[in-house]
Amino acid sequence: MINDDYWLDEILRRLGITEAYKGYDRVKMAVCLALEDEKRLVTFRDSIYKYMAEEENGNWKSVEKNFRTVVKRAWTINPELLQELAGYRMYWAPTVSEFISNLVSYRKKQIKKAAMQAEQNKKIEIKNEQSVQTVQKVGSLAASGIQN
């Protein structure tokens with residue numbers, strides 16, 4: 001599954017989706033699959049529903065129903081969070097593929113933001129190191145001037 005799926009567990013819980021729903025693990029798997037290859041979002045039925053059904057020796061329609069149940073639950077419990085994840089106002093519940101796509105987009109934004117923050121921290125660290133070196137250089141020059 002996803003190595004760092006804590007973020008997704010937290011979001012699903014805030015949406016009222018718990019492990020009690022069959023769709024819980026399926027959503028996590030779908031997000032993982034879509035993060036690996038976003039083209040799966042375009043061919044959702046074949047690349048997600050049917051894939052999961054084959055993995056479970058089940059029917060893709062029952063997989064789809066589990067997803068729809070989860071999306072309906074999320075919309076009922078916390079439509080505000082769904083809109084925050086989507087980044088736009090929603091007037092009705094998203095489709096399953098929109099729901100998964102919004103989770104994937106949200107995660108990608110988190111990853112990009114973390115990378116930008118790490119880069120910023122690195123720049124600050126380099127500046128701090130340069131400042132320390134400058135202070136040390138000035139100190140040693142001052143010390144040599146005092147000795148003369």
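Q: In this predicted model, which residues is Phe67 in contact with, leaving aside its neighbours within four places in sequence?
A: Contact here means heavy atoms within 4.5 Å. Leaving aside neighbours within four places in sequence, the list for Phe67 is Arg26, Val27, Ala30, Ile48, Tyr49, Met52, Val96 and Ile100.

Q: How many residues does the largest nonpolar core have, and which have the most contacts inside it?
A: Nonpolar side chains tend to be buried together in soluble globular proteins. The largest nonpolar core here has 33 residues. Those with the most contacts inside this core are Leu15, Val27, Phe67, Phe99 and Ile100.

Q: Which helix supplies the largest share of this core?
A: Helices H1 (6-14), H2 (22-36), H3 (44-55), H4 (60-77), H5 and H6 (96-147) each supply at least two residues of the core. The largest share is six residues, and the helix it comes from is H2.

Q: Is Val27 buried or exposed?
A: Val27 is found in helix H2. Under 20% relative accessible area means buried. Val27 has 0% relative accessibility, so it counts as buried.

Q: How far apart in space are Val27 and Ile100, C-alpha to C-alpha?
A: Leaving aside neighbours within four places in sequence, Val27 is in contact with Leu12, Phe67, Val70, Phe99, Ile100 and Leu103. Val27 and Ile100 are 73 residues apart in sequence. In space, C-alpha to C-alpha, they are 7.2 Å apart.

Q: Which residues does Val96 touch, not counting residues up to four places away in sequence?
A: Val96 is found in helix H6. Its relative accessible area is 8%, so Val96 is buried. Not counting residues up to four places away in sequence, Val96 touches Phe44, Tyr49, Phe67, Arg68 and Val71.

Q: What is the C-alpha to C-alpha separation of Val96 and Ala34?
A: The two residues are 62 residues apart in sequence. In space, the C-alpha atoms of Val96 and Ala34 are 13 Å apart.

Q: What separates the C-alpha atoms of Ile11 and Leu103?
A: Ile11 lies in helix H1. At 5% relative accessibility, Ile11 counts as buried. Leaving aside neighbours within four places in sequence, Ile11 is in contact with Leu81, Leu85, Leu103 and Tyr106. Ile11 and Leu103 are 92 residues apart along the chain, and their C-alpha atoms are separated by 9.0 Å.

Q: Which backbone oxygen does the side chain of Asn78 reach, and at what distance?
A: The place of Asn78 is in the loop between H4 and H5. Asn78 counts as buried because its relative accessibility is 16%. Leaving aside neighbours within four places in sequence, Asn78 is in contact with Arg14 and Leu15. The side chain of Asn78 reaches the backbone oxygen of Arg14 at 3.2 Å.

Q: Which residues of H5 are buried?
A: H5 spans residues 79-86 and is mostly covered. Six of its eight residues are buried. They are Pro79, Leu81, Leu82, Gln83, Leu85 and Ala86.

Q: What is the volume of the largest cavity?
A: A probe the size of a water molecule, rolled over the atoms, shows where empty space is left. The count of cavities of 30 Å³ or more comes to one. The largest cavity has a volume of about 30 Å³.

Q: Which helix supplies the largest share of the lining of the largest cavity?
A: The lining residues are Leu82, Leu85, Met90, Pro94, Phe99, Asn102 and Leu103. They divide into six nonpolar, one polar and no charged. H5 and H6 each supply at least two residues of the lining. The largest share, three residues, comes from H6.

Q: What is the phi of Asn57?
A: Asn57 lies in the loop between H3 and H4. At 75% relative accessibility, Asn57 counts as exposed. Although Asn57 is not a glycine, its phi is positive, at about 55°.

Q: How far apart in space are Thr43 and Ser97, C-alpha to C-alpha?
A: The place of Thr43 is in the loop between H2 and H3. Thr43 is partly exposed, with a relative accessible area of 41%. Thr43 and Ser97 are 54 residues apart in sequence. In space, C-alpha to C-alpha, they are 9.3 Å apart.

Key:
Residues numbered from 1 in each chain as written. Predicted model: local features only at pLDDT ≥ 70, side-chain atom pairs only at ≥ 80, totals over all residues. Heavy atoms only, no water. Buried < 20%, exposed > 50% of the residue type's maximum accessible area, 1.4 Å probe, protein only. Helix = DSSP H or I, 4+ residues; strand = E, 2+ residues; numbered from the N terminus. Core = buried A, V, L, I, M, F, W, Y, C linked by side-chain atoms within 4.5 Å. Polar contact = N/O pair within 3.5 Å; in protein donor to acceptor, adjacent residues only side chain to side chain. 1 Å grid on protein atoms, 1.4 Å probe; cavity = no way out; pocket = protein on both sides within 12 Å on 5 of 7 lines; lining within 4 Å. Points joined across faces, edges and corners; volume = space filled by probe spheres on them. Nonpolar A, V, L, I, M, F, W, Y, C, P; charged D, E, K, R; others polar.
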